[in-house]
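This report looks at the salt bridges in one protein model. Please have the sequence and the 3D view open while reading.

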Amino acid sequence: MKYRTLIAFVGAFALAGCGLNSVPTAEENAKAKWADVENYYQRRADLIPNLVATVKAAGAQEKSILVEVTQARASASQVKVSGADLNDPAKVAAYEKAQAGLTLSLQRLQEAYPELKSQGNYATLLDQLEGTENRISTARHDYNEAVQAYNTTIRTFPDAIGAKVFYGAKPLVPFKATTPGADVAPKVNFGNSN
C-alpha cells in the first residue's frame, strides 16, 4: 500500500512537471491574446468610418452656415442707398431687406455657434485614430509575448514531454505584417481631391 501511494505521488508529480496543465494554459493565453488583436481590428473597422462620417457631416453643416452668412453679407453690401435715394421707398425697402437678411444670417450663426464643433471633432478623430492604433500595437505585442511563452513551454523540458505525448503541441505563429500595406495605417479621406 505504501508503495502504491508513493508511486501515485511520484506519478502525479511527474505528470505535473511535464506540462499537463502548463501547455494548455499557455495555449489558451495565446489564443485569448489573438482574440484581443482581432477585437481591436474590428473596433478600428467599426469606429473610424463612423467618426469620419460624423466629422464630415459636422464640417458640411458648418460650411453651409458660413456660406450663408458670407452670401448674405455680400448681398447686403451690393444694395446701396445714397442720400438721394432716401425718397424712394422701394430702394429703402430693398436696402432694409438686404440688411435684415444679413442680420438674420448672423443671428443664426450666433445661435449655432455653440454647435460649430468641427475643430473639436477633428481633434477627437485624431485622438481616436491614435488610440486605436496604439491598442492594436499593444495587442499584437501581447499576442507575440504569449506565443513566445507557449512556444518556449512546449519546447523546454519537462513540459516538452507532456506537450508531445498528451497534446501533440505545435508551435504557434507570431504576428507578422504579411499583407501588402499592412504596415501602413489606413488613410482618412474627407473627400478632398488633394
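## Count

How many salt bridges does the count come to? The model is a predicted one, and the count comes to three salt bridges.

## Salt bridges of K31

K31 forms a salt bridge with E27, with an N to O distance of 3.8 Å. Both residues belong to helix α2, which covers residues 22-78, and because they are four residues apart there, about one helical turn separates them.

K31 also forms a salt bridge with E28, where the N to O distance is 3.8 Å. K31 and E28 lie three residues apart in helix α2, about one turn of the helix.

Are these side chains buried, partly exposed or exposed? K31 is partly exposed, with a relative accessible area of 43%. E27 is partly exposed at 23%, and E28 is partly exposed at 48%.

## Salt bridge between E133 and R44

E133 and R44 form a salt bridge in which the closest N and O atoms are 2.8 Å apart. E133 lies in helix α4 (residues 118-155) and R44 in helix α2, so this pair ties together parts that are 89 residues apart in sequence.

E133 has a relative accessibility of 23% and counts as partly exposed. R44 has a relative accessibility of 18%, so R44 counts as buried, the cut-off being under 20%.

K31 takes part in the salt bridge with E27 and in the salt bridge with E28.

Key: Residues are numbered from 1 along each chain as its sequence is written. This is a predicted model: local features need pLDDT of at least 70, side-chain atom pairs count only at pLDDT 80 or more; totals for chains, interfaces and linings use all residues. Side-chain values use heavy atoms; hydrogens and water are left out. A salt bridge is a side-chain nitrogen of Lys or Arg within 4 Å of a carboxyl oxygen of Asp or Glu. Helices (H or I, at least four residues) and strands (E, at least two) are DSSP runs, numbered from the N terminus. Buried means under 20% relative accessible area, exposed over 50%, partly exposed in between (1.4 Å probe, protein chains only).
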